[in-house]
Amino acid sequence: MATLVMASHTAILHSASQRAYAHRLVDAAPVGSVVTVKPPGRTLPQNDKMHAMLTDLARAKPDGRNMPIHKWKALAMDMAGCKPDWERSLDGESMVCVGYKSSRLSKDQMSDVIEAINCYAAERGINLGDEQ
């Protein structure tokens with residue numbers, strides 16, 4: 001089992017056998033090893049749905065806002081409670097948004113973002129497409 005911990009390993013805890021594998025990894029890990037357990041990440045279908053919704057929002061230009069999709073995404077994430085961190089730029093001239101990526105969202109957080117987009121669009125009478 002010692003060879004298992006020579007490299008980084010990931011176990012997705014979706015079955016008893018995967019849980020047992022994770023236990024074996026922990027049991028064989030040398031002192032000082034790091035174990036991280038986190039909730040499931042967002043899925044590709046969630047990501048695809050969010051981007052389709054954001055595209056529809058950008059095309060609709062609600063409230064006269066004409067913005068690219070990445071700005072709509074930032075606003076939707078903020079509305080869902082995913083607040084950004086800000087740091088002063090290296091030259092000290094401005095503030096920079098850091099650590100604000102939808103790829104790091106959990107499945108539940110991504111569901112919250114999708115629901116926030118749905119609510120915003122519904123309040124403004126925007127059709128987000130037939131598959132939403």
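Predicted model: local features only at pLDDT ≥ 70, side-chain atom pairs only at ≥ 80, totals over all residues.
User: Where should I look for the largest nonpolar core, and which residues have the most contacts inside it?

Analyst: Good place to begin! The core has 20 residues, and those with the most contacts inside it are Met50, Leu54, Leu57, Trp72, Val113, Ile117 and Leu128. Helix 2 (44–60), helix 3 (69–79) and helix 4 (107–123) each supply at least two of its residues.

User: Which helix gives the most to this core?

Analyst: That is helix 4, with 6 residues.

User: Now the charged side chains. How many salt bridges are there?

Analyst: The general idea is that side chains of opposite charge can pair when their charged atoms come close. Here the count comes to 3 salt bridges. In one of them, Asp63 meets Arg124 at 2.8 Å, N to O. Asp63 sits in the loop between helix 2 and helix 3, and Arg124 in the segment after helix 4, so this pair ties together parts 61 residues apart in sequence.

User: Is Asp63 buried or exposed?

Analyst: Asp63 is exposed, at 55% relative accessible area, while Arg124 is partly exposed at 34%.

User: What else does Arg124 pair with?

Analyst: Arg124 also forms a salt bridge with Glu123, with the closest N and O atoms 3.2 Å apart.

Conventions
Residues numbered from 1 in each chain as written. Heavy atoms only, no water. Core = buried A, V, L, I, M, F, W, Y, C linked by side-chain atoms within 4.5 Å. Buried < 20%, exposed > 50% of the residue type's maximum accessible area, 1.4 Å probe, protein only. Helix = DSSP H or I, 4+ residues; strand = E, 2+ residues; numbered from the N terminus. Salt bridge = Lys/Arg side-chain N within 4 Å of Asp/Glu carboxyl O.
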